[in-house]
Amino acid sequence: MSAIDRRLITHANWPLLICTALLFAIGVANLYSASAVRIEDGLRVASFYEKQLVWGGIGLFAMLLIVCLDYRHLRILAQPVFLLAVVLLALVPLIGVTKNGSTRWLDFGVTEFQPSELAKIAVLLLGAAMLSRRKSSLGWLDLFQILGVCAIPCVLIFMQPDLGTALNLLLLLGGLMLYQGIQPRVFKILCCIVPLSLPLAWFGILADYHKQRILTFLDPLQDIKGAGYQIYHSQIAIGSGRLWGKGFQGGTHHLFKFLPEKHSDFAVAVFSEEWGFVGCVVLMALFCIFLLCIVNTARDAKDRFGSMLCAGVFFYFFWQILINTGMVVGLMPVVGIPLPFISYGGTAMLVNFIMLGLVLNVSMRRFMFKSH
């Protein structure tokens, strides 16, 4: 093994890897419990956790591939990856697979792929490449150019419809722009424009079911058997866990099918019922350490592009963690944003590991070349 290879392994971000392994293990165990359904002669366990393990293995392989490629070469691949993502998103309305009223997947025979997940990587790479070339705070022209990167995939994803992923892309790019810095005058005007644009979004952009989710968030009890059913039972499940929880597979709300989305968006409600307040504190502590490791890597990166990549990955995970946990406890409206490594989702798990691979790539190579 060469000296460079040994240095790469030596400087691997082991705290980040350990946190990821623990979160993935917790997610698989939680899915195993969430997959159980009470039947007459005992429990029947679905295969969600097995599929999560398979996708975790695929994601681990993809992460290793990303680590082996010097991240500085990804700047060249940013535009081709972005164009590929846009083409695949454009194919979704034409030949996509429809599930539960949404057309989000392409069927490749062996498996189904969600192009919106690739769009997250594409927007991150191109946004980081564009912002890393700028030496000063962003003005209006810079903002319009960078937001133009996100506009096409966001519109295509919103039309699927998938408000959660479209929102995630906007928040990721917005976080990158804040990390780069926005001119004070421009930032003040934006702070006035965004609230004023909310009525336009309500009357001209949001669909009826989006509006219903917001109204349900404001008053969950107004339609407790309809739109408010999921969030109402999620809060009951979380509260019933109390301090120490009911134990592994001891939760009753998912066993008796009171939580329809127990595998995906509301997986943490299952965890909360079984492990209680103490378990949730441990889980949130792991996520905080996980995010802190990414922040430290962004701070220590030796070039602007590497720092931007890590900052983008931080915002990618941060917003998902904040929004998912917020909506599960009723502090935010319900949107389709999963909890990383905990919620079920094959393509999402693959993207999580690829994002992690980008951070590890920057971390492992920060000693190998001088700062630019």
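Leu94 is found in helix α4, which spans residues 74-95; helices are DSSP runs of H or I of at least four residues and strands are runs of E of at least two, both numbered from the N terminus. The model is a predicted one, in which local features need pLDDT of at least 70 and side-chain atom pairs count only at pLDDT 80 or more, whereas totals for chains, interfaces and linings use all residues. Residues are numbered from 1 along each chain as its sequence is written, and side-chain values use heavy atoms, with hydrogens and water left out.

With a relative accessible area of 68%, Leu94 is exposed (exposed means over 50%, buried under 20% and partly exposed in between, with a 1.4 Å probe and protein chains only). Together with Val87, Leu91 and Ile95, Leu94 forms a nonpolar patch on the surface, and the accessible area of these residues together is about 390 Å². Such areas come from the Shrake-Rupley method with a 1.4 Å probe, and for residues only the protein chains shown count as cover. Patches are made of residues with over 30% relative accessible area and no salt bridge, like charges being joined within 9 Å and nonpolar side chains (Val, Leu, Ile, Met, Phe, Trp, Tyr) within 5 Å.

An open sheet is formed by three strands in the order β3-β4-β5, with antiparallel pairing; two strands pair if DSSP finds at least two bridges between them. Strands β3 (97-99) and β5 (112-113) stand at the edges with a single partner strand each, so one side of each is left without a neighbour in the sheet. Helix α4 packs on this sheet and touches β3, β4 and β5, its direction making about 105° with that of β4. Axes are lines fitted to C-alpha atoms, for helices over the stretch in contact, and angles run from 0 to 180 degrees between N-to-C directions. Strand β4 (residues 102-107) is joined to β5 by two bridges, the two running antiparallel. Leu106 has Phe113 of β5 as its bridge partner.

Gln114 is found in the loop between β5 and α5 and is buried, at a relative accessible area of 12%. Apart from neighbours within four places in sequence, Gln114 is in contact (heavy atoms within 4.5 Å) with Arg104, Trp105, Asp162 and Thr347.

Five salt bridges are counted, each defined as a side-chain nitrogen of Lys or Arg within 4 Å of a carboxyl oxygen of Asp or Glu. One of them joins the side chains of Arg72 and Asp70, at 2.5 Å from N to O; Arg72 is partly exposed at 31% relative accessibility, whereas Asp70 is buried at 14%. Another links Glu117 to Lys120, with the closest N and O atoms 2.9 Å apart. Both residues lie in helix α5 (residues 115-132), three residues apart, about one turn of the helix. An α-helix has 3.6 residues a turn, so residues three or four places apart point the same way. Glu117 is buried, with a relative accessible area of 5%, and Lys120 is likewise buried, at 3%.

A salt bridge is also formed between Lys246 and Glu273, whose closest N and O atoms are 2.9 Å apart. Lys246 lies in the loop between α11 (229-240) and α12 (267-300) and Glu273 in helix α12, so the pair ties together parts that are 27 residues apart in sequence. Lys246 is partly exposed at 35% relative accessibility, while Glu273 is buried at 0%.

In helix α10 (residues 208-218), the buried residues are His210, Lys211 and Thr216. The buried residues of α10 pack against α6 (140-158), α7 (163-180), α9 (198-204) and α11.
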